[in-house]
Amino acid sequence: MEKLLPAKDRLLKSKRSRLDGEFRGKLIVILCAVIMISATIAITIFLGTKGMQSFTKNGISIIEFLTSTNWNPTDKASPMYGVLPFIFGSFAVTFLAALIAAPLGIGGAIFMTEIAPSWGRKILQPIVELLVGIPSVVYGFIGLTVLVPFIRENVGGLGFSLLSGMIVLAVMILPTITTIATDAMSSLPNHLREGSYALGATRWQTIRKVLVPAAMPSLLTAIILGMARAFGEALAVQMVIGNVRNLPSSILDASATLTTIITLNMGHTTYGSVENNTLWSMGLILLIMSFAFILLIRYLSSRRKLR
Amino acid sequence: MKSFKKISLMMLIAAFMIIAAACGSDSSSDKDSGGGKDSGELSGSISVSGSSAMQPLIAAAAEEFMAENPKVDIQVNAGGSGTGLSQVAEGSVQIGNSDVFAEEKEGIPADKLVDHKVAVVGMTAAVNPKVGIDDIKKEDLIKVFTGKITNWKELGGKDQKIVLVNRPDSSGTRAVFNHFALDGATPAEGITEDSSNTVKKIINETEGAIGYLAFSYFTDDSVTPLSIDGVKPTAENVQSGKFPVWAYQHSYTKGEAEGLTKAFLDYLMSDDIQNTLLKEQGYLPVTKMKVERDAEGNQKNI
Amino acid sequence: MNSKAADRIATGVFVAIAITIVTILAGLFFYIFVNGFKHISLEFLTSPSSNVRAGGGIRDQLFNSFYILFITMLITVPIGIGGGVYMAEYAKPGKVTDLIRTCIEVLSSLPSIVIGMFGLLIFVNTTGWGYTILGGALALTIFNLPTMVRTTEDAIRAVPRDLKEASLALGVTHWHTIKTIILPAAFPSVLTGAILAAGRVFGEAAALLFTAGLSTPRLDYTNWNPFSEQSPLNIFRPAETLAVHIWSVNTQGLIPDVNEVASGSSAVLVLSVLIFNLLARWIGSLIHKRATATK
């Protein structure tokens, strides 16, 4: 605090220059805020127009694009642009990953807040933070060298499969879910717990009947944020999922997601060609999905406020 | 006051760097046209972009070229054939590398680009060694890749389900293999991987797997290369035109190459590079080819 | 009785979950380090990578990672702090503030590949720069900005109100108070947040794939002129970072020793992120100690 000048030193300056500084400062921070708004708008507009080009300029039918399962853009005679298998793959891998990560994450959060609030949290919290820090390519690499051969030998199939993708993603989104769920659980008012215990409920009954229902909207938010991350993850998934263009019929089948097709083909296709434009349309789907996830979270948080 | 000053100073520096660097890069790219007179020492800089498979070859050649001509600077970037062709067509790089003919890529003004075929790459189908065959008829190969034959025992091999390993739709390797080995048939679905290393690894680890690889990957016994119609996949057979599955590696320029660009392309075609560096990286010298091919795939003797 | 048993089972399940999480992390770290440290040597860190032959290092990739991180933070930190100050001090509840908050949410939940594609569209194609460090840094800025804004906003809100009110009561203007009282007081938390964000940027690959490129030109480390094409400091050259390198050797590489290079690089990458993490904690606790000792 020693660097503070006495107030009178500053007051000696003319009023005008002070007001100038005031104005300039406000301008700078407003500018920073404007940058964020314009970045968001620019992303939406540019990716929107670029992503629509395959429909407006190249005349691909949107319905066919979204519902056809035939993807064969390189066939010169009758190219087919159906991305349904990739959309399905993205959703499948996202939901399956959430199916594993949500119980683990919420369970971990309950462990930290209810079972062992003192030492449990001290151990688990840093571990979760370290898991956040592992870059996604490293997850992909370990998936490729450990998980894929393991599944091939012990579970069956080729190893490259929805199963591998979902396990890698589940580990990746686990910290996201755990962190938010922990915040949600620990911000519950203590009288809920005390009231329940006073009624003679066991800890499990308190958790199941009182705490989890009370924290439900926040817990759902945690899961959705995790899913949003899983939906957009590209490189780690691409390394383990096998990138097959068919609809998978079992969890051991190789599959493909929107993100993996984009990363595989972006470099090979020429900018402005139909095939390239369809990749941008897939990017647009990703963008729209991330808006959808946010709307969902908003809806949940508005419900939380109503309570 | 201090923190505010720091912030504004940092912003100022950042802005300055951006502007200054922008000017810097502009002036440096101007040098291209001035470089490389016919007589005297070569100087200047060019940038090359495109096919990631070709990047090691061109980068190695550029390295040696720069060692011989110290005032020359050649930047070799990868990014994929499509990127290379787009960039050379719009003039942001001087040479665009591609593993397919520019005519085959949509949206590229192929008539404005000049093709320099710098190398040839031969490729063939490769199977897991346990499959037990090393020769396949072309019609059978097509049936395998289109999914009409699903078990190796139909071809006299082991009783083992066939697993296909493909390349991405837009890959040049895939285009060549589909065109010349499968006669244009569309392959059935299989695992899709971009990297030859990964493809080789999958074929080696998965029983009954079949994929396709360039000759340079057949260095050990981990995968078995297949002869097609009894013709062995060797350099000699490709050069004489007997073995059908091969492709050029192209370096495209916008308009005729001149100056430093031409000097570098000439260097790539020199015996020095064609006979040593190319071989080292598993390519076949284009100068030794006894047949040639056009963009439609028609082959004729030279 | 029955509910007691259920309670015990449930407790067991939660403990099992906690153990699972710990095991996952321990397994990951064990695998990364045991496999990676074998391949890390001074030579690995200081020799350039090879595209064809075995035995390449990661010198350029390592440098690129740090350099892109540096440029990114140079852009992100001022804008992020500015945005945070606005949100904490100037924003009035209303439509505009709601809009900004939505924007921050949108930006922070965008998949990194979408940011990469936007970067490709704007910083690579529209500007005509090609793959550049600057393009990569700008893409990462979009990716990093929301975190920075939130960190700053939270840090400022955590500054005791009486500090600010005392300053204002002395007749010091609002902006002056922010500069001289609030920002210095919030500085430790902002710094910790920035370092943690840096760790995230360091490991990012998908957004850089399409913006900073997959290759690095020949670099001459004695050339410190940022405008020369061979200088490592040139921000208009393509640059493959460590994270991108791991992806590219695994999926597009031609080198025979993919596993060795990728394991070594992964270990270096995770170790760097770990160091960022510990550094942030250490600085946080150090400043906390100093602050509490003077009071």
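1. **The annotated domain of chain A.** UniProt, in an unreviewed entry, places "domain: ABC transmembrane type-1" at residues 87-297 of chain A. The model here is predicted. Over residues 87-297, chain A is 79% helix and 0% strand. The end C-alpha atoms of that stretch are 21 Å apart.

2. Residues 27-47 of chain A are 100% helix and 0% strand, with end C-alpha atoms 29 Å apart. Residues 279-300 of chain A are likewise 100% helix and 0% strand. Their end C-alpha atoms lie 32 Å apart.

3. **Chain C overall.** Chain C has 11 helices and zero strands. From the N terminus on, its elements read α-α-α-α-α-α-α-α-α-α-α. The C-alpha trace of chain C spans about 70 × 70 × 40 Å along its principal axes. Of the 295 residues in chain C, 55% are buried. Among contacts in chain C with a separation of 6 or more, 73% join residues 24 or more positions apart.

4. For chain C, UniProt (unreviewed entry) gives "transmembrane region" at residues 12-34, 66-87, 99-123, 129-147, 181-202 and 261-280. Residues 66-87 of chain C are 100% helix and 0% strand, and their end C-alpha atoms are 30 Å apart. Residues 129-147 of chain C are 79% helix and 0% strand.

5. **The interface of chains A and C.** How many residues does each chain bring to the contact? Chain A gives 72 and chain C gives 73. On the chain A side, the largest share comes from helix 2 (residues 15-56), with 20 residues. By class, the side of chain A that touches chain C has 49 nonpolar, 16 polar and seven charged residues.

6. Helix 5 (residues 119-133) of chain A and helix 1 (residues 2-37) of chain C have axes that come within 10 Å. The axes cross at roughly 40°, so the two helices are oblique to each other. The crossing of helix 5 of chain A with helix 1 of chain C is left-handed. Helix 5 of chain A contributes A:Gly120, A:Leu124, A:Ile127, A:Leu130 and A:Leu131. Helix 1 of chain C contributes C:Ala18, C:Ile21, C:Val22 and C:Leu25. These contact residues divide into eight nonpolar, one polar and no charged.

7. **Helix 6 of chain B.** Is helix 6 (residues 172-180) of chain B mostly covered or mostly open? Mostly covered: eight of its nine residues are buried. The buried residues are B:Gly172, B:Thr173, B:Arg174, B:Ala175, B:Val176, B:Phe177, B:Asn178 and B:Phe180. Their cover includes helix 4 (81-89), strand 4 (113-127), strand 6 (163-166), strand 8 (209-214) and strand 11 (246-254) of chain B.

8. **B:Gly190.** B:Gly190 sits in the loop between helix 6 and strand 7 (191-192) of chain B. Why does B:Gly190 count as buried? Because it has 25 C-beta neighbours inside 10 Å, and the cut-off for buried is 20 or more. Leaving out residues up to four places away in sequence, B:Gly190 touches A:Val244, B:Val163, B:Leu164, B:Val165 and B:Asn166. B:Gly190 and B:Ala209 are 19 residues apart in sequence. C-alpha to C-alpha, B:Gly190 and B:Ala209 are 9.9 Å apart in space.

Terms used
Residues numbered from 1 in each chain as written. Chains lettered and ligands numbered in written order. Predicted model: local features only at pLDDT ≥ 70, side-chain atom pairs only at ≥ 80, totals over all residues. Axes fitted to C-alpha atoms, helices over the stretch in contact; angles between N-to-C directions. Helix = DSSP H or I, 4+ residues; strand = E, 2+ residues; numbered from the N terminus. Parallel < 35°, antiparallel > 145°, perpendicular 65-115°, else oblique. Left-handed = near helix turned anticlockwise from the far one by under 90°. Contact = placed C-beta atoms within 7 Å. Nonpolar A, V, L, I, M, F, W, Y, C, P; charged D, E, K, R; others polar. UniProt positions renumbered as here; feature names shortened; annotations may be inferred. Buried ≥ 20, exposed ≤ 12 C-beta atoms within 10 Å, placed from the backbone.
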